[in-house]
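Subject: Structure handover

Hello,

Here is the structure you are taking over. Please open it next to this email and follow along as you read.

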Amino acid sequence: MTTNTTDLAVEFGPVSGELLGQGVIATLLYFVIGFAVLGLGFLALDLLTPGDLRTQVYTDRNPNAAVLLGANHLALAIIVVTAILTSADALAQGLVDSVVYGLLGVVLQALALRLLDLFVPGHLRNLVNEPRLNGAAWAVGFSLVAIGAVNAAALS
């Protein structure tokens, strides 16, 4: 008489504290790079828009400035995420790749904003200084996100 039994054992495998530690360090380093790129993106946008962007968004609660800031951050986040995901497997090279492509993303987004300012009717200065929410802010913001997505796709 033969018995058919099914093996229901689960194989968990070994756990490596060393690999986990390396992963935590890599995560922290990539986070710092991403945060720094977003910070530089904020500074670039602040230089390209009239007045103090921080005051306009957080103190004056200017909705047009907030739309541009949010859209620019979203675009840069897409770029940074793509830069990290497509970077080299070796940690040092991956970090360098992420920094270089993140900085390139900031420069390209700033250039795109300047080009939008040249080709879109009206001036960015007038849009940002307007106290009421303007549809043009959404249009420029969505354009920045679209440009950021194209920029990110170029990384892969």
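Below are the findings, grouped by the part of the chain they concern. Please keep in mind that this is a predicted model.

Helix H4

How does helix H4 lie relative to helix H3? Helix H3 runs over residues 63-85, and its axis comes within 9 Å of that of H4, with a crossing angle of roughly 150°. Angles over 145 degrees count as roughly antiparallel, so that is the label for H3 and H4. Their crossing is right-handed.

Alanine 92 is also part of helix H4. Its relative accessibility is 59%, so alanine 92 counts as exposed, since the cut-off for that word is over 50%. Alanine 26 is 66 residues away from alanine 92 in sequence, yet in space the two are 9.4 Å apart, taken from C-alpha to C-alpha.

The salt bridge

How many salt bridges were found? The count is one. It joins the side chains of arginine 114 and aspartate 117, with 3.6 Å from N to O.

Aspartate 117 has 16%, so aspartate 117 counts as buried, the limit for buried being under 20%.

The nonpolar patch

Which residues form the nonpolar patch on the surface? They are Val96, Val100, Tyr101, Leu104, Leu108, Leu111, Leu115, Leu118 and Phe119, and together they have about 860 Å² of accessible area. Leucine 118 lies in helix H4, and with 64% relative accessibility it counts as exposed.

The last item is arginine 61, which is found in the loop between helix H2 (53-59) and H3. Is this residue buried or exposed? Arginine 61 has 64% relative accessibility, so it counts as exposed. Its phi is positive, about 55°, although arginine 61 is not a glycine. For context, most residues other than glycine have a negative phi.

Regards

Notes: Residues are numbered from 1 along each chain as its sequence is written. This is a predicted model: local features need pLDDT of at least 70, side-chain atom pairs count only at pLDDT 80 or more; totals for chains, interfaces and linings use all residues. Side-chain values use heavy atoms; hydrogens and water are left out. A salt bridge is a side-chain nitrogen of Lys or Arg within 4 Å of a carboxyl oxygen of Asp or Glu. Buried means under 20% relative accessible area, exposed over 50%, partly exposed in between (1.4 Å probe, protein chains only). Patches are made of residues with over 30% relative accessible area and no salt bridge: like charges are joined within 9 Å, nonpolar side chains (Val, Leu, Ile, Met, Phe, Trp, Tyr) within 5 Å. Accessible areas come from the Shrake-Rupley method with a 1.4 Å probe; for residues, only the protein chains shown count as cover. Helices (H or I, at least four residues) and strands (E, at least two) are DSSP runs, numbered from the N terminus. Axes are lines fitted to C-alpha atoms, for helices over the stretch in contact, and angles run from 0 to 180 degrees between N-to-C directions. Angles under 35 degrees count as roughly parallel, over 145 as roughly antiparallel, 65 to 115 as roughly perpendicular and the rest as oblique. A crossing is left-handed if the near helix is turned anticlockwise from the far one by less than a right angle, and right-handed if clockwise.
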